[in-house]
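Here is a short note to read alongside the model. Take the points in order and find each residue as you go.

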Amino acid sequence: MLSKVSCQLKIEFKHNLLPSILASFIMIGIAYFIFGLGKLDGNSQAMVIERFLPFPGIFSIVTLFYTEHQSPIKDILRMRQSKLELIYLLRFTLRLIIWSIISYIYISLLTEGQSLSELIVFLLHSLSIGIFIGIIGLFLFSCTNNISIAFLCSVGLMLAQWFLPKNKPSLLKLFTMPNISINRIFLIFAFSLVLLVLSIIIWKRKNID
């Protein structure tokens, strides 16, 4: 079991991880160009944490199945009877860890002087936005096999957040800083996990089985 996990991790690092890492650095580069580094005011922090840093996660998650979307690779997986659930959970976890590390480092540079607990709350808030919107796109991709539709819906949902009224509570409202609810963050994580499992099941049954 450990050897299979190790082998799959090597494959991910060699073939599938680079685009996700590049997406993170591109978005951080854009944020750096606009906001710079050093301690920012509350509004600028919210802009970076809620509106820029989630984008790499959206890209990483929506493309979770894309490697196996190519027909020859699917045929190989059928012949090997590979455990797709394991592959996707490992891939998701690895991308989440890399994205989290990069985001945490950048958030700590933007909010210097704040406590570790505050940094972690900011990180979880940013991750919850990216994971939720990314999982929505992944679910659509699993249902439609159309990566363009998945990306358009995820990016559209993200951009729609910019125009929701700030002072009116809404279940669809993801930009909530400075009022961050830990309970709401974990509720979003739980919902996203359920939708991830459902997406894997739908994708496997439609495309591999």
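A crossing of two helices is right-handed if the near helix is turned clockwise from the far one by less than a right angle, and left-handed if it is turned anticlockwise. Keep that in mind for H2 and H4, where H2 passes H4 in a right-handed crossing. Note too that this is a predicted model.

1. **Overall make-up.** The protein chain has 10 helices and 0 strands. Read from the N terminus, its elements run α-α-α-α-α-α-α-α-α-α. Of the 209 residues, 46% are buried. The accessible surface comes to about 11,300 Å². Carbon and sulfur atoms account for 70% of that surface.

2. **Contacts across the sequence.** Take the contacts between residues at least 6 apart in sequence. Of these, 78% join residues at least 24 apart. Leu 37 and Leu 110 give a case to look at: they are 73 residues apart along the chain, yet their C-alpha atoms are separated by 5.7 Å.

3. **H2 against H4.** How do these two helices pack, and at what angle? The angle is about 160°, and the axes are 8 Å apart. Angles over 145 degrees count as roughly antiparallel, and H2 and H4 are therefore roughly antiparallel to each other. From H2, the contact uses Pro 19, Ser 20, Ala 23, Ser 24 and Met 27. From H4, it uses Phe 55, Pro 56, Phe 59 and Ser 60. By class, this contact of H2 with H4 has 6 nonpolar residues, 3 polar and no charged.

4. **H4 as a whole.** Helix H4 covers residues 54-62. Is H4 enclosed or open? Here 8 of its 9 residues are buried, so H4 is largely enclosed by the rest of the structure. The buried residues are Pro 54, Phe 55, Pro 56, Gly 57, Ile 58, Ser 60, Ile 61 and Val 62. They pack against H2 (18-35), H3 (42-52), H7 (84-110), H8 and H9.

5. **Ser 60.** This residue sits in H4. Its relative accessibility is 4%, so Ser 60 counts as buried. Setting aside neighbours within four places in sequence, Ser 60 is in contact with Ser 20 and Arg 95.

6. **H3.** Look next at H3. Of its 11 residues, 8 are buried, so H3 is largely enclosed by the rest of the structure. The buried ones are Ser 44, Gln 45, Ala 46, Val 48, Ile 49, Glu 50, Arg 51 and Phe 52. Their cover includes H2, H4, H7, H8 and H9.

7. **Leu 37.** Leu 37 lies in the loop between H2 and H3. Is Leu 37 buried or partly exposed? At 46% relative accessibility, Leu 37 counts as partly exposed. Not counting residues up to four places away in sequence, Leu 37 touches Tyr 32, Tyr 106, Leu 109 and Leu 110.

8. **H8 against H9.** H8 covers residues 116-144 and H9 covers residues 147-160. They pack at an angle of about 150°, with axes 8 Å apart. H8 and H9 are therefore roughly antiparallel to each other. Their crossing is right-handed. On the H8 side, the residues are Ile 129, Phe 132, Ile 133, Gly 134, Ile 136, Gly 137, Leu 140 and Phe 141. On the H9 side, they are Ile 147, Ala 150, Cys 153, Ser 154, Leu 157 and Met 158. This contact of H8 with H9 divides into 11 nonpolar residues, 3 polar and no charged.

9. **Asn 145.** Asn 145 lies in the loop between H8 and H9. Its phi is near 60°, a positive value in a residue other than glycine. Most residues other than glycine have a negative phi. At 26% relative accessibility, Asn 145 counts as partly exposed.

10. **A cis peptide bond.** Which two residues does a cis peptide bond join? They are Met 177 and Pro 178, with omega about 10°. Most peptide bonds are trans. Pro 178 is found in the loop between H9 and H10 (182-207).

How values were computed:
Residues numbered from 1 in each chain as written. Predicted model: local features only at pLDDT ≥ 70, side-chain atom pairs only at ≥ 80, totals over all residues. Heavy atoms only, no water. Axes fitted to C-alpha atoms, helices over the stretch in contact; angles between N-to-C directions. Helix = DSSP H or I, 4+ residues; strand = E, 2+ residues; numbered from the N terminus. Parallel < 35°, antiparallel > 145°, perpendicular 65-115°, else oblique. Contact = heavy atoms within 4.5 Å. Nonpolar A, V, L, I, M, F, W, Y, C, P; charged D, E, K, R; others polar. Buried < 20%, exposed > 50% of the residue type's maximum accessible area, 1.4 Å probe, protein only. Areas by Shrake-Rupley, 256 points an atom, 1.4 Å probe, with all protein chains shown as cover.
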